[in-house]
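Have the picture open as you read.

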Amino acid sequence: MRQSKYITIITMACALFFASCSDEYMENMNTDPSKAATIDPNAQLTTAQLQTYGDLSMMEIYRNYHYAFTQQLMGCWNTTNYGGRHTLDNNEMSRIWTSFYTQSLKNIIDAQYRTAEDAEKVNINSVLRIYRVYLMSIITDTYGDAPFSEAGLGFLEGKFNPKYDKQEDIYNAFFLELEDAVNKIDPTKDKVTGDLIYAGDVTKWQQLANSLRLRFAMRISNVNPTKAQTEFENALAANGGVITDASSDALIKYMTIAFSFGQEAYSDYRGNSLSQLLFGNDPANNPSYLCSTFFNQLYNSGDPRTFKISRCYYDGLMSATSPDNRVDITQEMIEKGIDFSPRDPGAYSWEPWPTGYDSHICAELAVNNPSVTATMAREVEPKLANNFLKSDNPGVVMTSAEVKFLMAEATVKKWNVGSVSAEDLYKQGVRAAMDFLTDNYGCTATTDAEFDAFIQDKGAFGHTDNQKLEAINTQAWILHFTNPAECWANVRRSGYPKLKSPAEYGFGQYLTGGTEIPVRLCYPVLESSYNKKSYNEAIERMGGTDNWHSLLWWDTEN
């Protein structure tokens with residue numbers, strides 16, 4: 001009996017031992033030793049920053065829609081086919097939503113959530129909060145009402161069907177978040193690492209947060225002028241101040257890499273993918289052409305940036321992976337008196353086929369290279385200059401030039417922003433915008449003589465308030481060429497420059513999405529299935545249809 005009992009005990013002990021070994025074995029087998037159990041929130045910040053302009057798939061939305069709606073580019077098949085001809089394509093319109101929510105914001109929100117109660121990580125938490133607001137502003141300014149308060153909390157809190165916050169509520173939350181984040185930053189506490197904008201300088205993050213408050217205050221200035229003025233003035237007086245010069249410009253740093261459109265390129269965020277998309281996957285035949293609205297504004301006003309931003313090239317010898325071996329014929333055209341032929345809104349590069357001319361430069365090249373064509377045709381259409389087609393170009397978040405323009409407009413509105421006149425702030429903004437191209441894109445410097453000639457003539461400030469607002473926001477439109485999300489938002493908010501529909505250029509029959517220039521993009525169609533209740537509530541607030549002509553809350557100028 002004792003022996004039987006002893007055997008039973010031994011058997012049970014062995015069973016427990018082997019069961020525990022089995023559990024441990026199974027746990028080890030199902031654990032990937034190459035994966036970290038937790039992620040450094042600083043690394044999550046890095047990933048989110050890089051994706052902002054490094055996600056090749058997402059950048060398509062800017063070339064396809066934004067640049068067409070702001071009428072800065074036109075003629076490239078993608079730009080004309082989608083935005084230029086008002087073609088609704090849900091896959092293309094969804095790119096910001098589907099990329100930010102599933103990647104950038106997911107990382108930011110997770111990192112913010114895990115550092116929220118850690119007194120030793122107050123700075124990284126504050127920086128994450130600021131960047132979350134910035135990313136979310138791009139989403140709401142593109143689509144309108146959107147998940148914010150419950151976004152990214154599926155795994156963390158089980159909120160898999162987040163509500164769509166009203167845009168007004170989102171903006172109100174922006175101001176509170178930015179103010180609180182600024183006040184919690186403490187330079188004596190944790191160091192922020194992996195920051196590709198300010199290299200961990202938290203004082204500059206305070207300046208960015210306060211400058212974003214200026215941007216957002218101006219955004220709501222037409223729909224809620226009282227709150228806008230209060231928020232603007234409070235931001236100027238907040239801890240850390242605002243961005244005052246180029247040394248504090250918020251620019252994401254990218255690397256020099258060869259352009260590729262292979263599958264691997266869509267998960268490689270090291271280079272500026274906006275520059276890559278503007279270069280194009282068929283650069284010799286489908287480059288980025290300037291729209292006549294943009295080119296003519298620069299050219300007809302004698303703006304010294306005209307041929308820094310645009311050039312005319314013969315691309316028959318062009319590299320397929322970088323803007324090398326282009327033949328610049330711009331100066332030859334000027335000397336021969338050849339007309340530049342930018343594309344009108346709604347036109348492809350072949351509509352109409354340009355007259356062209358015979359190039360002496362290309363004729364000389366053709367002597368030793370029979371593949372070179374000496375007769376120019378579409379080459380007389382201004383293209384985006386090589387300087388803007390480099391993978392190490394910065395990703396623009398915000399600049400001191402923008403802050404100057406915002407302060408100039410606030411002064412015109414008679415807000416309390418200091419003693420500097422609106423005209424002087426405007427001039428400082430234009431000068432900073434010109435220097436920005438030199439400092440960050442390698443463009444030749446604008447001399448003081450060139451600047452003075454421009455600012456005293458066609459670039460003058462104006463006399464009436466409307467003329468002043470037009471001057472400020474037209475210059476902001478030029479500045480924001482490399483910041484397409486902000487460019488489109490400010491054009492809609494300010495109403496400047498006054499853009500005409502492609503229908504007025506003879507393309508009305510092609511505008512399948514309506515003749516008026518769209519003022520928002522439609523939600524991803526899958527939202528109507530996966531987040532049906534919240535989606536339907538947002539649609540009802542817009543009048544019952546997901547229409548890209550439905551005005552955003554802050555948009556009263558369209």
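How much accessible surface does the protein chain have, and what share of it belongs to carbon and sulfur atoms? The total comes to about 23700 Å², and carbon and sulfur atoms account for 51% of that.

Before going further, keep in mind that you're looking at a predicted model. How confident was the predictor? The mean pLDDT of the protein chain is 93, with 93% of the residues reaching 70 or more.

Now for the overall build. The protein chain holds 23 helices and eight strands. Its radius of gyration is 27 Å, close to the 24 Å that the globule rule gives for 558 residues, so the chain is as compact as a globular protein of that length. Along its principal axes, the C-alpha trace spans about 115 × 65 × 50 Å. If you take the contacts in the chain with a separation of 6 or more, 75% of them are between residues 24 or more positions apart.

Domain 1 is pieced together from 39-299 + 308-396 + 508-557, while domain 2 covers 397-504. Their C-alpha centres lie 19 Å apart. The contact between them takes 68 residues from domain 1 and 49 residues from domain 2.

Finally, let's head inside. Buried residues make up 55% of the 558 in the protein chain. In soluble globular proteins, nonpolar side chains tend to be buried together. Here, the largest nonpolar core has 152 residues, and the members touching the most others are Tyr131, Ile139 and Phe232. Which helix gives the most to this core? That's helix H7, spanning residues 122-143, which supplies twelve residues. The core also draws at least three residues from each of domain 1 and domain 2.

To see this up close, zoom in on Ile139. Leaving aside its neighbours within four places in sequence, Ile139 is in contact with Ile96, Trp97, Phe100, Tyr101 and Leu105, as well as Gly144 and Ala146.

Conventions:
Residues numbered from 1 in each chain as written. Predicted model: local features only at pLDDT ≥ 70, side-chain atom pairs only at ≥ 80, totals over all residues. Heavy atoms only, no water. Core = buried A, V, L, I, M, F, W, Y, C linked by side-chain atoms within 4.5 Å. Buried < 20%, exposed > 50% of the residue type's maximum accessible area, 1.4 Å probe, protein only. Helix = DSSP H or I, 4+ residues; strand = E, 2+ residues; numbered from the N terminus. Domains from an automatic or database assignment. Contact = heavy atoms within 4.5 Å. Rg over C-alpha atoms; globule rule 2.2 N^0.38 Å. Areas by Shrake-Rupley, 256 points an atom, 1.4 Å probe, with all protein chains shown as cover. pLDDT = per-residue confidence, 0-100.
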